[in-house]
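Visitor: I would like to go through the strands and the aromatic residues of this model. Could we begin with the strands?
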Amino acid sequence: LGSFVQIPVPTSQLTISATPQTPYGGGPGSTPAPSGAKLNVALYVDTVNGTRPSGAAPRPIGCTQTNVYKRGEQVVVRTWGYELATGAVLSIDNVAEAHFSVPGLPNVLLNWGSHGATGNKVWFWTNAFILPATYPLGDSTITVSFTTVSGKTATFDYQITVIP
């Protein structure tokens, strides 16, 4: 018994398939913000499998939301955000710098852009990386960081699980 709530992005709607995909396994839970922390920016982060893995077979359906990856797969980080004081969407107009970091790999700049089919486009931040063939197995944290033009900062730790 449960429910599914769509994120507010039309191009990332639930895909129904007649043949179920083989699950890779579960991932760790998320950690809430510390009690009493002053929050200036709200972030949403997720990951999808990329369609261009270099060291693993492509998955049957590209851009599937997941947090479990095999070595050699392409991990695509997607994020949306808001400045809480103004309600402004985080975009190139009000963000000075946006990137994500993965332990053991160089920081990756996030790109602001439109995604989706014509007439159904949405804007968000994204970029990708390939999990190296020697990347440690188990849980790992992707840290997404934003700095706004007004000097506010926000980070979000997103957990992925790397399997053989």
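Visitor: How many of the ten residues of strand β3 are buried?
Guide: The model is a predicted one. In β3, which spans residues 74-83, nine of the ten residues are buried.

Visitor: And which way does β3 pair with strand β1?
Guide: The pairing of β3 with β1 (residues 41-49) is antiparallel and extends over nine bridges. Within it, V45 has T79 of β3 as its bridge partner.

Visitor: What about β3 and strand β7?
Guide: These two strands also pair in the antiparallel sense, over six bridges, with β7 covering residues 122-130. R78 has T126 in β7 as its bridge partner.

Visitor: Now the open sheet: what is its strand order?
Guide: Its five strands follow the order β2-β9-β8-β4-β5, and the pairing is mixed. Since β2 (68-70) and β5 (108-109) are at the edges with a single partner strand each, one side of each has no neighbour in the sheet.

Visitor: How many bridges join β4 to β5?
Guide: Two bridges join β4 (residues 95-101) to β5, and the strands run antiparallel. F100 is opposite V108 of β5.

Visitor: Turning to aromatics, how many pairs are there?
Guide: There are six aromatic pairs. One of them is F100 with F129, a tilted pair with 5.8 Å centre to centre and 50 degrees between the planes. F100 belongs to strand β4 and F129 to strand β7, so this pair ties together parts 29 residues apart in sequence.

Visitor: Which residues form a cluster through ring pairs?
Guide: W112, W123, W125 and F146 are linked into a cluster in that way.

Technical notes:
Residues are numbered from 1 along each chain as its sequence is written. This is a predicted model: local features need pLDDT of at least 70, side-chain atom pairs count only at pLDDT 80 or more; totals for chains, interfaces and linings use all residues. Side-chain values use heavy atoms; hydrogens and water are left out. Buried means under 20% relative accessible area, exposed over 50%, partly exposed in between (1.4 Å probe, protein chains only). Helices (H or I, at least four residues) and strands (E, at least two) are DSSP runs, numbered from the N terminus. Two strands pair if DSSP finds at least two bridges between them. Rings of Phe, Tyr and Trp (its six-membered ring) pair if their centres lie within 6.5 Å; planes under 30 degrees apart count as stacked, over 60 as edge-to-face and the rest as tilted.
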